[in-house]
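I opened this structure for the first time today and kept a notebook as I went. Here is what I looked up.

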Amino acid sequence: MEESATQPPTAATPSATAAKLAMRHVDFHYGPFRALKDISLDIHDRAITAIIGPSGCGKSTLLRTFNRMNELIPRTRVTGDVLLDGTGIYGPDVDVAVLRKRIGMVFQRPNPFPASIYDNVAIGPRRHGRKEPDVQEIVERSLCRAALWDEVKDGLKGPALALSAGQQQLLCIARALAVEPEAILMDEPCSSLDPAATLEVEELMLELAQEYAIVIVTHNMQQAARVSSMSACMMMDPDRAGVLAEYDATSLIFTNPKDKRTEDYISGRIG
Amino acid sequence: MRMSPRLSQNLARAVIWASAVLVIGLLLFILAFILAKGLPTLSWDFLTQNPSDMGRGGGILSTIASTLFVTLVAVVVATPFGVGTAFYLTEYTREGRMTRFIRFGAESLAAIPSIVYGLFGFIFFVITLKMGWSVLSGGLTLAVMILPTIIRTSEEAIRTVPKMYRDVGFSLGATKWQTIATTVVPSALPGIVTGIILAIGRCVAETAAVILTAGSALQLPTSLFSPARTMAVHFYIMAREGISMERAYGTAALLILLILVINVAVNLLVNRFVAKGR
């Protein structure tokens, strides 16, 4: 397999040549079990990177290694380097809370808190010490960014759980944007949405990719092909560890995969 | 011969209905019985005067005050420790020998008869710590007694908060404490408060633990160190010593009404709090 990880995507902006996030020879262990083996890749800024691959090959684990969410699980261990703007994020002097503020996350299922729409978006800024006139502005801006403002502006005090699933997921994206992150991790953000809501979220992702580095885990090949400029295809080794089979521009991965396993997966023979 | 499905279905329904009706009926009967016997005694004077002549005359003001004071001390002392322990067990430590030990301890405490708490409180608070028969001794004894209730109910409430909320909290760059304070606590609060209400109920109704620690003085308690006779102790003594059955019933009726009022009030409070987000 060729070392193609540092190639910029085809339609990249100039700044995309610098890696926003990167991994160098990363291994990840759950107790004695090695879930990730020797992963190295660069995530470009202002672009969408899709992580694809069969179930259980470590896609979510890889994603959660970027914002250190894995360490909420007992007895996990990371070796190798994970870099944000070239600086290691697992160093001893890294403040995890600050790191997670810089790297936002959207989860598989829409999960607003049982509070008002406004409070859901305001929770991040408030925690980071913003006061009310500021917070109000951030909430409005974030909801606008998440393409939800027009639908909810007259009912900001209404309960978030009364929104549709698609709207709830947009709200969760607004909640993540409100802490003003630099990169956004999305863990199968559309897997519980209907096609129309999926389309809305995808459009939003393309929009956000003009400003943020976005990493999305997806089971949906078409989705990866539609939204991402780079694709990382993961596979499971015989010892069940997740490895990076191929990482390249999405257009190349889907038309001319170099790795046999990638080809089999994309054409539907495995997975 | 096997019973037809239809027959067994009807039979099951009849048995389940009957047990429900029996239980609810019994409860209502007890309630009605005590209220019928006690309510005629209740009057403004009964509520606002202190007892006289060992309880044969006067009202029960001092026992109402004693009940409230002793319960207040117990709840104020036990709530932070109990809720704190629950958060420690659920959020700040992993399952292990230590958590099993604490849980086992709490469960054992819950199973001890209240008279044993009374004896402990008498020896420890009243004698050893020289607090005497007082609101403080009684309150502290009750605090120890209700601790397991508060720990268990709080723990259950905290456990039902979806793990997802915590993940979101962390992913927004919150520290552990911020995540707990702003996402776990609000979701768990109704359950925690329910536990505290249960605990209040136990305090208000307790006799054995209180009679040995707060005493049975009839004066209005004026400080934490005053001896006190709670309502439950009052009607126990009134009935046992045959002083006045009708006043015993009057006190019991008021006690029931008091518990009812506390439950309804706290429920309203919690519902209002929860409703904000729903």
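The entries below go from ground rules to a strand, some rings and a surface patch.

**Ground rules.** I'm working with a predicted model, where local features need pLDDT of at least 70, side-chain atom pairs count only at pLDDT 80 or more, and totals for chains, interfaces and linings use all residues. Residues are numbered from 1 along each chain as its sequence is written, chains are lettered from A and ligands numbered from 1 in the order in which they are written, and side-chain values use heavy atoms, with hydrogens and water left out.

**Strand β3 of chain A.** I looked up residues 47-52, which make up this strand; strands are DSSP runs of E with at least two residues, helices are runs of H or I with at least four, and both are numbered from the N terminus. Is the strand buried or exposed? Six of its six residues are buried, so β3(A) is largely enclosed by the rest of the structure. Buried means under 20% relative accessible area, exposed over 50%, and partly exposed in between, with a 1.4 Å probe and protein chains only. A:A47, A:T49 and A:I51 cover one side, and A:I48, A:A50 and A:I52 the other.

Next I checked its partners (strands pair if DSSP finds at least two bridges between them). β3(A) runs parallel to β8(A), residues 213-217, over five bridges, and there A:I51 faces A:V217. Four bridges tie β3(A) to β9(A), residues 230-236, also in parallel, with A:A50 opposite A:S231.

**Rings.** I found eight aromatic pairs over all chains. Phe, Tyr and Trp rings (the six-membered one for Trp) pair if their centres lie within 6.5 Å; planes under 30 degrees apart count as stacked, over 60 as edge-to-face, the rest as tilted. One of the pairs is B:F120 with B:F125, edge-to-face at 5.9 Å centre to centre and 80° between the planes. B:F120 is partly exposed at 37% relative accessibility, while B:F125 is buried at 7%. I also noted that ring pairs link B:F29, B:F33 and B:Y249 into a cluster.

**Charge over a ring.** The charged end of A:K157 sits over the ring of A:Y118, 4.2 Å from its centre. That label needs NZ of Lys or CZ of Arg within 6 Å of the ring centre and within 35 degrees of the ring normal.

**One more valine.** B:V83 lies in helix α3 of chain B, residues 61-92, and is buried at 15% relative accessible area. Its C-alpha atom is 9.6 Å from that of B:I196, 113 residues apart along the chain.
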